[in-house]
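Keep the sequence and the 3D view open while you read.

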Amino acid sequence: MSAGHLTLTLLLFGAVVVVTLAVTNAAARRRHRRCSPEEFYAGGRLFTPLENGFAIVGGHISATAFLGMAGLIALYGYDGMLWAVGFLVAWVLVLLVVEQVRNCGRFTLADVVAARVRERPVRVALGCSSVTVSVLYLVAQLAGAGSLVALLLGSHGGAARTWTVLVVGALMVFSVVFGGMRAVTWIQIVKAVLLLGGGLVLSVLVLLRFDGDLTALLTSAAEHSGHGDDFLAPGLLHGDADRASRLDFLSLGLALVLGTAGLPHLLARFATVPTAGAARRSVMWAIGLVGSFCLMSLILGTGAAALVGADTLRGSGPAGNTAVPLLSAELGGGADSVSGAALVAVVAAVAFAATVAVVAGVTLAASASVAHDLYASLARHGRGRAAARSGRRGEVAVARVAAVGVGAVAVGASLLARELNVVLLVGLTFAVSASANLPVLLYALFWRRFTTRGAVWSVYGGLLSAVTLVALSPVVSGSPNALFPGRDFVCFPLENPGLVSIPLGFLAGWLGTLLSRGSADAARHAETEVRSLTGAGAV
């Protein structure tokens, strides 16, 4: 990248930073001087379904998805397209539970489950689980952002990655501490508009190159992919893989599809609208926008294969993460042209903005779990009486401190894990979410006999099994790309534990319920059922 092009990219990065600070400052000025939990965690529940739908997309589609999905399609054709479809299918389960979660919950997942069972043990368990999921997701996003931005800047050293992680980490903590959910939401909305708008412009430019003929686009992509007609047939990515690799692919796909509905930062978005109907309409908007993003990814991926070529893509990076920047340069007239460099700089800035928006939402969800579930639960039971007397403002203060702590831990861990495969880290996050959070959520909403012991066993069973299997997998030891490449204590052959840990989470909840000394509280189940279906008593 030339000095002029680098300057343009850095200026756009600076614009993203300025917009983030301006949105946070505006949100801080609009809220009340004494910020309540409703304001800090849920933005006062004043967002419209359209606004919340855009915010959901802004908080869910990361830079890794933005660049990586198109790269997979450009390199592997049909198999890469399956990932785009799976990315959308995950929202079907979200749509199934959104209204019940909004009616039964207040701010966090623990609020939903605590409506059915004894509060304190469930809050502690789900608080630990939610913080674990959030920190893993933050590490994945920050590590991926550092690598992607360094790649887009043309830097091969560690300085660019380190500074990117530090800047993004500082922005996410600042926006959460001083702006709360209101600032995070508008940052996510702005990012979603930039992402979808940029993707739409690039998609239109690709289609114009082929006069709007999709058949010509696919044919050209197959011709320049190096695989011929096999590019449009299944099997390029996993067709020749051994049995363990295919099981790993299945495990990862299962985790991605099921884990979405258990992500704390996604569930927190349902609390930002006034009613369950508004929450459902938010998800409908999000599904439409995510579907549009997936369609644009298909066009951009095949466009990169057709216009850039597989050899150039693989020469730039074996993972295909540079497919969209290289395609942007080609559409603009070449990397040495002003318009080509401008398009590449815009793509880099959008990827940077995508990371800031995602990690801010995750940090807020983690801080809510610490303050609202762990701290408040302990304070109400005598282990923090002085803090409990400070009331709800004390909980918000704890949430702000927790945001700083979670941010510091995530930044430090991401710098240590920057050599790990980002896709693996994201897959592990979704596996833990699907193993620990999803079973207890579904049991609490739909199983009449579910008990406190079943809830606690379900959370800890899924969480501990997922973490243990990861620790004994090739991700941690036994391979050159592992966290500890010089050690080998592999006992579990798969890199993603979802295929085993997700059933174990459901099994633990079922077994814990059967072995409970007492039966489920029928009155609380009836009350929760009426509340979840009608909204009576919802906050």
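Let's start with the rings: the structure holds nine aromatic pairs. Rings of Phe, Tyr and Trp (its six-membered ring) pair if their centres lie within 6.5 Å, and planes under 30 degrees apart count as stacked, over 60 as edge-to-face and the rest as tilted. One of the pairs is Tyr-443 with Phe-450, a tilted one with 5.2 Å from centre to centre and 35° between the planes. Both Tyr-443 and Phe-450 are buried. Here, buried means under 20% relative accessible area, exposed means over 50%, and partly exposed is in between (1.4 Å probe, protein chains only). Tyr-443 and Phe-450 also belong to one aromatic cluster with Trp-447 and Phe-506.

A quick word on where all this comes from. This is a predicted model, in which local features need pLDDT of at least 70 and side-chain atom pairs count only at pLDDT 80 or more, while totals for chains, interfaces and linings use all residues. Residues are numbered from 1 along each chain as its sequence is written, and side-chain values use heavy atoms, with hydrogens and water left out.

Now zoom out. The protein chain has 21 helices and zero strands; these are DSSP runs numbered from the N terminus, where helices are H or I with at least four residues and strands are E with at least two. The chain's radius of gyration is 23 Å, close to the 24 Å that the globule rule gives for 539 residues, so the chain is as compact as a globular protein of that length. That radius is taken over C-alpha atoms, and the rule is 2.2 Å times the number of residues to the power 0.38. Of the 539 residues, 56% count as buried.

What about the inside? The largest nonpolar core has 147 residues, and Phe-66, Val-113, Phe-270 and Phe-293 touch the most other members. Helix 15 (residues 338-383) gives the most to this core, with 19 residues. Such a core is a set of buried Ala, Val, Leu, Ile, Met, Phe, Trp, Tyr and Cys residues joined through side-chain atoms within 4.5 Å. Leaving aside neighbours within four places in sequence, Phe-270 is in contact (heavy atoms within 4.5 Å) with residues including Ile-56, Val-94 and Arg-102.

Next come the charged partners. A search of the whole structure finds seven salt bridges, each a side-chain nitrogen of Lys or Arg within 4 Å of a carboxyl oxygen of Asp or Glu.

| Salt bridge | N to O distance |
|---|---|
| Glu-38 and Arg-106 | 2.8 Å |
| Arg-123 and Asp-111 | 2.6 Å |
| Arg-209 and Glu-330 | 4.0 Å |

Which parts does the Arg-209 and Glu-330 pair tie together? Arg-209 lies in helix 8 (residues 158-209) and Glu-330 in helix 14 (residues 323-331), so the pair ties together parts that are 121 residues apart in sequence. Arg-209 is partly exposed at 40% relative accessible area, and Glu-330 is partly exposed too, at 32%.

Is Arg-123 buried or exposed? Arg-123 counts as buried, at 6% relative accessibility, and Asp-111 is buried at 7%. Both residues sit in a network of salt bridges together with Glu-119 and Asp-373.
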